[in-house]
Amino acid sequence: MASLMVGQPPFPLGNGYKIWEDQSFIKWNKRDPHVTLRCHDSIEASLKYWYERNKVDLSVSKSAVWNDDAVPAALENAASWVQQLPFVKSLSGYWKFFLAPNPTTVPDNFHQTAFQDPDWPTLPVPSNWQMHGFDRPIYTNFVYPFPLDPPHLPQDNPTGCYRTYFTIPKEWQGRRIILHFEAVDSAFCAWINGVPVGYSQDSRLPAEFEITDYCYQFGSDKKNVLAVQVLRWSDGSYLEDQDHWRISGIHRDVLLLAKPQVFIADYFFNSNLSDNFSHADIHVEVKIDDSRETLKDRELANYVIEAALYDTGSWYNRDGHVDLLSSNVANLTLSTPTSGSHGFNGYILVGKLEKPNLWSAEQPNLYTLVIVLKNASGYVIDCESCLIGIRQVSKAPKQLLVNGHPVVIRGVNRHEHHPRLGKTNIESCMIKDLVLMKQNNINAVRNSHYPQHPRWYELCDLFGMYMIDEANIETHGFVLSGHLKHPTEEPSWASAMMDRVIGMVERDKNHACIISWSLGNEAGYGPNHSASAGWIRGRDPSRVVHYEGGGSRTSSTDIVCPMYMRVWDILKIAKDPNETRPLILCEYSHSLGNSNGNLPEYWEAIDSTFGLQGGFIWDWADQGLLKESADGSKHWAYGGDFGDFPNDSNFCLRGLVWPDRTAHPALHEVKYVYQPIKVSLREGILKIKNNNFYETTEEMEFSWAVHGDGCELGSGILSFAVIEPQSSFDIEWKSGPWYSLWASSDAEEIFLTIVTKILHSTRWVEAGHIISSTQVQLPAKREIVPHFIKPKDVALSTEVLGDIINIKQQNLWEIKLNVRTGMLESWKVEGAPIMNEGIFPCFWRAPTDNDKGGEQTSYCSRWKAARIDSLSFITESCSILTRADNLVKIAVVYLGVVKGEDGSFKEGKSNALFNIDMIYTIYGSGDIIIESNVKPNSDLPPLPRVGVEFHLEKSVDRIKWYGRGPFECYPDRKASAYIGFYEQTVAGMHVPYIVPGESGGRADVRWVTFQNKDGLGIYASVYGNSPPMQMNASYYRTAELDRATHIEKLIKGDDIEVHLDHKHMGLGGDDSWTPSVHDKFLVPPVPYSYSIRLCPITAATSGYDNYKSQLQN
């Protein structure tokens, strides 16, 4: 085998020896991994390149595309990335492509120059071929998409054959030509003009081959032919069992690099800050590639290596011409040669930078490092450069420090995902991700679960984002095998695993944003991980190592990094005196559909507990793929929609944003718990704390507003001295400018909202952006008493016709109620139909994804086992208690029952799951007071909801409410939704989760109105001692939300379904595979009593006035 790796190539791939099924054969003729090379030939060109390349900001994100326009945009983008790089050429474009069923059926000699390919279709490169009609995407979580039989693979192994043509520019004469693949999934071999030049695995890292001797040079009348054979599956696929779409091909760019005969091949920047951070000692390792194979001690006899740092931050603060060379702040000189780390056999440049501007996510100050190689005449023959940041990552007991500060990780996991392109990247889309993250107070990203596009790292350096860079290793599916060891325990997989770790570190080692390396994800734990951790610690002691496998507390991780651990359990670890490492959740708050409950509970613990330092939410974007329906429309597809098997259905839809990066409502909650300015009111003291570690509040504006019962009482700017990082400003709330408004108001509830805005535009946001806001309730001025109306002595007329009692007040309103069933059959206001069905009890909701998690122990399974989903309400009795001139009182007793095996209802209280007593008191004013007493069976599981349901005419589609909003919120996800007065349409209330379920609710509603375009409708509010309600209104019935598997398959009902809930269960989200709603957000099966007020409303009246009429002074 060793001879194969250094001797003759094992081509063609169909010669009987399956190199793609040999885990010890991972590459052939492949150059050593290294940093991204720019191949300039002057310092000025390098600086100009970075001057232009750094001009990225919010405006670029506005050109992000997520539909079919992304296909040409990706090609244009790949070409743009090599602009101002005269010795780098992109081969992006449309290549000839043929998909064979397996490696043994590829066209004979397709790699030869004489092969005829005119009949082949074309495929854009970069791309995944499944995104262009070849083969099919497969989504699985951790079940391998082929039989688990390492290192063997199925005969059905789609194999892509690519061909393209290129010429060598005149300016490249005499240079060495290097073929560079940024990433190919999963294994491939390449030929130049029929000559095999290399083989590689690892779907997320570059592969590079020197092709100088195989190319037709400038002046030849022949075009060079590049042929590539890509296998969908290889033994490397056993190490790539990540939870995402399994799609294949050349998904990042292919480049040609032209280098001089002797060139800078690699370099490693390090800085060592003094104790007081007043200066930094600079240390740069440089590796030279000399085609003459000169001995190292003679290599520089005719060459000179120099390096310098340039202050990138000074380039954009001047008007007119910028002298880039004048930004030099440090020069580095060659040090005495040493052996270097891990056998490094290069050269060391050293220097010193005084008063460095430190890099952090809050203040991403950057410099440009330029390294030059000169010949004996002093002429620059090669020049390499990159952005670097001066920062220090270190450890302290229970703390991870950046520049000496225990920064808090407010993070998110991010897959590379584009709904149209798959794994192919567009810069504007990456910037869109970063802009949204920064605007929502996210300061850290974990590259899940593989190294990502090189430009992503530069952008994170520029925008300021802490990063965990993760090796492309996951073997989660091995947990399903009882007889196979994880590869980490097998010596035969050691080199493959180590190669992936080394390749990641060597490519990305100069990026300031990376504060931690990760050994991979969910790959068990064993000797191969220990070896990789040891190699990283030796190669790069300037960062920490992260790995969750093996229980998140092995010797191979410097961070305790559990996933989906409950709040009470992370607190135990933090308080364990024997655990000296910080705890940072590598994954938490699983964002599957309508989720992300309990976030405030996590952050109350993190913000108040030493040793807890944050975490990374799972995950950033819904991984839906754009798919065309039979009618030509497009929708977002998930696992199984392409006929893929095995699949894990919609488990890929776990983002804080939709595939097109529209924000889920939960992102508001993330922004709130992650906000850097925290406000609290305790014991009469309003505390405003700056939780930043580097930024003061000098560039922020604080404003306040006070609202009483939903109406603004006043607002203004809040002025105080600058708050330093990790400091606070305290004020007695009675000393604030809002006190006089509070004192003079007769409102029952008064809320103070403090808003923090950015004064000046930044790279990621425009001036005026709100970075933090908090609403606190001011103390009550008086004792809160029950809400009752004072009935007016208004006469009403009643008429009984059969089972219907008709109740009305002149031509103002009319109600028809069935005295046999107790149901309200119609309600008209000024002759306009408003309500057409109701009012009846409701305990069921359309299950969310979290409700379904846990198989037989899931809430949904337990609900259905108890048959809460198939309840029918039998009217045991309905009687008119009072029929007077100014009121009618009706009592109804409902039994919630289910059908027996014979299809009949088992009546009687002993067979009922619920007993509900409802009393309607209908006044001449049109007010209806509903008093409900609910008695569930005590052996029922926690209930989805306890409330009432009714149906409105479709025309009654305008909603106003006083409660939490304006966006969707639920009992365990409402901290960011402030109490206020809001308006919305029924259509606007709907939240289009890709898989429908319970959605669109609004929490803590005091009152709500439903009106048509003429202002006619009904008002509803809490009454008596009842607490605020959970409110929902939708064109889609609960049964329809439960039935439809895709949002585009929903069918609107004939009316509007309204729910007013006394109790509504939380969403959960600690994970999505066990019941995870916290106890305080469950609805236990115990008796409940509550009251609701309903009344007609017209354009001349308002919900606010109605509400005030029932507040007792």
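The following legends describe close-up views of a predicted model.

**View 1. The aromatic pair of Phe 25 and Tyr 199.** The structure holds 49 aromatic pairs. In the pair shown here, the ring centres of Phe 25 and Tyr 199 are 5.6 Å apart, and because their planes meet at 45 degrees the pair is tilted. Phe 25 belongs to the loop between α1 (2-6) and β1 (27-28), whereas Tyr 199 is part of strand β9 (residues 195-201); the pair therefore ties together parts that are 174 residues apart in sequence. Phe 25 is buried, with a relative accessibility of 0%. Tyr 199 likewise counts as buried, at a relative accessible area of 0%.

**View 2. Arginine side chains over aromatic rings.** The charged end of Arg 414 is positioned over the ring of Trp 456, at 3.7 Å from the centre of that ring.

**View 3. An open sheet of 4 strands.** The strands follow the order β2-β13-β7-β10, and their pairing is antiparallel. At the edges of the sheet are β2 (88-90) and β10 (207-210), each of which pairs on one side only. On average, and with direction ignored, neighbouring strands of this sheet are turned by 20 degrees against each other. Strands of a sheet pair through backbone hydrogen bonds, in either a parallel or an antiparallel manner.

**View 4. The pairing of strands β7 and β13.** Within the order β2-β13-β7-β10, this view shows the strands β13 and β7. Strand β7 comprises residues 176-181 and strand β13 residues 254-259; the two pair in the antiparallel sense over 6 bridges. One of the residues shown is Phe 181, whose bridge partner in β13 is Val 254.

Technical notes: Residues numbered from 1 in each chain as written. Predicted model: local features only at pLDDT ≥ 70, side-chain atom pairs only at ≥ 80, totals over all residues. Heavy atoms only, no water. Phe/Tyr/Trp six-rings, centres within 6.5 Å; stacked < 30°, edge-to-face > 60°. Buried < 20%, exposed > 50% of the residue type's maximum accessible area, 1.4 Å probe, protein only. Lys NZ or Arg CZ within 6 Å of the ring centre and 35° of its normal. Pairing = 2+ DSSP bridges. Axes fitted to C-alpha atoms, helices over the stretch in contact; angles between N-to-C directions.
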